[in-house]
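This note sets out some points for a colleague reading the structure. They are numbered, and each can be checked against the coordinates.

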Amino acid sequence: MPGETGDAGWVNHRFLAAQSGAETGGGDYPLLCTGTEPFWSLRLEDGHGAYSDPETEMVTMSASRWTRSRNSPAVFVIRLQDENNGTAGEGYTTIQRATCSDGMSDFEYPFQATVILPDQTVLDGCCSRSASP
């Protein structure tokens with residue numbers, strides 16, 4: 001019977017519409033994104049982000065709500081704004097719901113990420129739904 005555990009189905013998004021009060025973007029925090037070579041991390045929680053790597057002083061940023069891609073429901077963008085000096089500009093993080101490997105462990109992350117920091121540094125890595133390692 002429909003609705004029982006284990007039922008699955010498919011429907012084209014053209015036949016779906018957002019309901020009043022439904023989430024349209026995200027707010028899907030916390031999120032921890034990490035990468036290797038160089039080792040870096042970006043913690044996103046409660047509308048704020050903190051980027052660190054071994055060679056850089058921690059950079060704190062404001063982080064927007066998740067904005068869903070119009071044509072790919074598994075892709076999101078988060079806008080980052082430098083809170084330290086405001087002159088470094090904006091950055092972005094694209095998050096895609098897809099299995100990701102850091103290449104160093106057997107752990108599989110649920111999200112792939114590309115991070116463009118406010119200073120325009122571009123990094124690729126993986127993310128999980130935790131703000132702590």
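**Notes on the predicted model**

1. Confidence by element. Within the chain, the mean confidence is lowest in β4, at 87, and highest in β9, at 94. The score is pLDDT, the predictor's confidence in each residue, from 0 to 100. Strands (E, at least two residues) and helices (H or I, at least four) are DSSP runs, numbered from the N terminus. This is a predicted model: local features need pLDDT of at least 70, side-chain atom pairs count only at pLDDT 80 or more, and totals for chains, interfaces and linings use all residues. Residues are numbered from 1 along each chain as its sequence is written, and side-chain values use heavy atoms, with hydrogens and water left out.

2. Confidence along the chain. The chain has an average pLDDT of 79, and 72% of the residues score at least 70. Over residues 1-6 pLDDT stays under 50, and the model has 2 contacts beyond four places in sequence for them. Residues 19-26 also stay under 50, with 8 contacts beyond four places in sequence. A contact here means heavy atoms within 4.5 Å. Where pLDDT is low, the predicted coordinates should not be read in detail.

3. First disulfide. The whole structure contains 2 disulfides, a disulfide being a pair of cysteine sulfur atoms within 2.5 Å. One of them is formed by Cys33 and Cys127, whose sulfur atoms are 2.0 Å apart. This pair links distant parts of the chain: Cys33 lies in strand β1 (residues 31-35) and Cys127 in strand β9 (residues 122-128), 94 residues apart. The torsion about the S-S bond is about 100°, so the disulfide of Cys33 and Cys127 is right-handed. Cys33 and Cys127 are both buried, where buried means under 20% relative accessible area, exposed over 50%, and partly exposed in between (1.4 Å probe, protein chains only).

4. Cys100 is joined to Cys126 with an S to S distance of 1.9 Å. Here too the pair links distant parts of the chain, with Cys100 in strand β7 (residues 90-101) and Cys126 in strand β9, 26 residues apart. The link of Cys100 and Cys126 is left-handed, with -65° about the S-S bond. Both Cys100 and Cys126 are buried. Counting bonded cysteines along the chain, the disulfide pattern is 1-4, 2-3.

5. Nonpolar core. What is the number of residues in the largest nonpolar core? The largest core has 21 residues, and Leu42 and Ile95 are those with the most contacts inside it. The elements giving two or more residues to this core are β1, β2 (40-45), β4 (56-63), β6, β8 (108-116) and β9. Such a core is a set of buried Ala, Val, Leu, Ile, Met, Phe, Trp, Tyr and Cys residues joined through side-chain atoms within 4.5 Å. Leaving out residues up to four places away in sequence, Ile95 touches several residues, including Cys33 and Cys127 as well as Trp66, Phe76 and Phe111.

6. Thr93. This residue belongs to strand β7. Thr93 counts as buried because its relative accessibility is 0%. Apart from neighbours within four places in sequence, Thr93 is in contact with Leu42, Phe76, Val77, Ile78, Leu80, Thr114 and Val115.

7. Salt bridge. The structure holds 1 salt bridge, defined as a side-chain nitrogen of Lys or Arg within 4 Å of a carboxyl oxygen of Asp or Glu. The side chains involved are those of Glu90 and Arg79, at 2.8 Å from N to O. Glu90 in strand β7 and Arg79 in strand β6 (residues 75-82) are 11 residues apart, so that the pair links distant parts of the chain. Glu90 is partly exposed, with a relative accessible area of 32%, and Arg79 counts as partly exposed at 35%.

8. Aromatic rings. There are 4 aromatic pairs. Rings of Phe, Tyr and Trp (its six-membered ring) pair if their centres lie within 6.5 Å; planes under 30 degrees apart count as stacked, over 60 as edge-to-face and the rest as tilted. Phe107 and Tyr109 form an edge-to-face pair, 4.7 Å centre to centre with 85° between the planes. Phe107 is partly exposed at 46% relative accessible area, whereas Tyr109 counts as buried at 13%. Trp66, Phe76 and Phe111 form one aromatic cluster.
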